[in-house]
Amino acid sequence: MLHRYLALGGLLLLLCAAPAVAAPVTVNLRVEGTNVTVFEGPVTTDGKTVTTAAGGSHQCDGTNGGTPNTPGGTPTTALDDASKAAGFTWDGSYSSSFNDFLVERIATDGGVGAPFTGSFWNLIVNRAGAMAGGCQIRVNGGDQVLLEWQDGTKPNLQLTAPAAAQVGQPVDVSVQQYGSDGALAAASGASVAGATTGADGHASVTFTAAGVQHVKATRSDAIRSNAADVCVYTAGSGDCGSAKAQSPALSPDRVKPTAALRGIRNGQKFKRGPRKLAGSAGDDRGLFQVYFLLKRHSHAGCSWFSSKAARFTSAKPHCSTARYQRVGSKSSWSFLLPARLPAGKYELVEKAIDSSYNGTRQTIKFEVTG
């Protein structure tokens, strides 16, 4: 029993002494080369083994060089993860004395062992110049990580722009600059979407086309800014969260549609019964449906034509249950009977209903003498 308690106590001590394991974090990484932005966007990263062609494989988790951090993601692991996701390459040698990688090339800028030309890959985290190597700095979720190819004299530009703008309407943008101390100051003379900032760092920008506009601030003696995506909309479109133009309110529709039967006149007599029924209907706000009803009166009683059965129903004393036949919602219609109408007296009714459910009817009576 004593051995069980000792073993359990030892296990609890081991669990309490185990180091905390950090979860992956998402940072905003930007890599600015000489002529292009190599990468800009969120990257989820964690401590891991990093491999370069020049430096080999080494652990990179924020504890390199004896730094007292909890293991986790670093600027260098973020760079490595972004390179794999976006398809660009980077390389750097490894310093055993510093226990860290030296980033020497990203994309086409720099090179391992290349003669020093005055420019290098500078690391900035949250506007502060890095005071340690990229594997010795532990990053946190939401951190801003910037790797820039520069000679140490260029300030960094920071752009602030509205999330949305209307086509043809000017909007204000602001550009600031900062150096190694991270202090922000107005950046004059910076170019943003064809406009130039004044002494206060502000400029008025007018977009001429709808859509998401991807803009940056640039200046020849500075590192280009972060990107700002401005959703540009046309007035009344409802895009980008803007107000959508309201259709003018229509007055209540109380006007009945028109209906007219064609080809047969009221009171007309036929020796040979017709086969074709036709008519027209109209409404300025649109038709919902048009129908016809054909009733036959004979010595046997009243019957009505069923288009579903393609014949007249059995004669009854009256046609109170007669049903209309649907012919569609077009302005003109016709229906071909399966055979010529036999002798008898007929009543043809056209009924039209508009989109506001106003209805109208036209009725004609004719006779087939046979």
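Which residues do ring pairs link into a cluster? Keep that in mind as you look around this predicted model, and select Phe-270, Phe-292, Phe-305, Phe-312, Trp-333, Phe-335, Tyr-346 and Phe-366: ring pairs join them into a cluster.

Next, turn to the core. Select Val-31, Leu-79 and Ile-106, the residues with the most contacts inside the largest nonpolar core, which has 27 residues. Several elements each supply at least two of its residues, among them strand S2 (37–45), helix H2 (75–86) and strand S6 (100–106). Strand S1 gives the most, with 4 residues. Now centre on Ile-106: leaving aside residues up to four places away in sequence, its contacts include Val-31, Leu-79, Phe-88 and Trp-121.

Phe-39 is in strand S2 and Phe-88 in the loop between H2 and S5, 49 residues apart. Phe-39 is buried at 14% relative accessibility, and Phe-88 is buried at 10%.

Phe-292 lies in strand S24 and Phe-335 in strand S28, so the pair ties together parts 43 residues apart in sequence.

Finish at Lys-351. Its charged end sits over the ring of Tyr-291, 5.1 Å from the centre. Lys-351 also lies over the face of Tyr-324, 4.2 Å from the ring centre.

Conventions. Residues numbered from 1 in each chain as written. Predicted model: local features only at pLDDT ≥ 70, side-chain atom pairs only at ≥ 80, totals over all residues. Heavy atoms only, no water. Core = buried A, V, L, I, M, F, W, Y, C linked by side-chain atoms within 4.5 Å. Buried < 20%, exposed > 50% of the residue type's maximum accessible area, 1.4 Å probe, protein only. Contact = heavy atoms within 4.5 Å. Phe/Tyr/Trp six-rings, centres within 6.5 Å; stacked < 30°, edge-to-face > 60°. Lys NZ or Arg CZ within 6 Å of the ring centre and 35° of its normal.
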